[in-house]
Amino acid sequence: MELLKATLLFTIAAVVEIVGCYLPWLVIKQNKPFWLLLPAALSLALFAWLLTLHPSAAGRTYAAYGGIYIAVALAWLHWVDGVSLTRWDVAGATVAMVGMVIIMLQPASA
């Protein structure tokens with residue numbers, strides 16, 4: 001149950017982080033309205049707060065989060081940017097997710 005909760009929280013954090021970075025990208029690269037930087041900043045602040053909700057040490061939390069981030073970023077690439085994923089993308093995300101699970105399921109005494 002804890003792994004499921006952490007995975008859900010990491011997934012939400014990843015989406016919020018990507019939105020916070022994607023909006024400035026739109027402003028800079030596609031000349032979208034400057035006001036998009038305000039929701040971007042709010043999104044990144046929410047992302048930082050979400051990562052504080054995990055009980056383990058910050059470094060371990062960030063390391064485990066990285067696996068989810070990779071998978072969510074590739075999903076964004078596919079669904080938002082419309083780029084087809086390769087088998088290499090899928091394999092890399094799978095390896096990253098396995099790493100996240102190993103980090104999250106380590107024994108408490110480790």
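1. Start with the largest pocket: 19 residues line it, and E2, A6, P55, S56 and M104 lie nearest its centre. On a 1 Å grid over the protein atoms alone, a pocket is an open set of points where a 1.4 Å probe fits, with protein on both sides within 12 Å along at least five of seven lines, and lining residues have an atom within 4 Å of a point.

2. Helix α1 gives the most to this lining, with 6 residues. By type, the lining splits into 12 nonpolar, 4 polar and 3 charged residues. Here Ala, Val, Leu, Ile, Met, Phe, Trp, Tyr, Cys and Pro are nonpolar, Asp, Glu, Lys and Arg are charged, and the others, Gly among them, are polar.

3. Keep in mind that this is a predicted model, where local features need pLDDT of at least 70, side-chain atom pairs count only at pLDDT 80 or more, and totals for chains, interfaces and linings use all residues. Residues are numbered from 1 along each chain as its sequence is written, and side-chain values use heavy atoms, leaving out hydrogens and water.

4. How confident is the predictor? Mean pLDDT (confidence in each residue, from 0 to 100) is 93 for the protein chain, with 98% of residues at 70 or more. Confidence is lowest in α3, at a mean of 92, and highest in α2 (residues 37–51), at 96.

5. As for the fold, the chain has 4 helices and 0 strands (DSSP runs: H or I, at least four residues, for helices; E, at least two, for strands).

Note on methods. pLDDT = per-residue confidence, 0-100.
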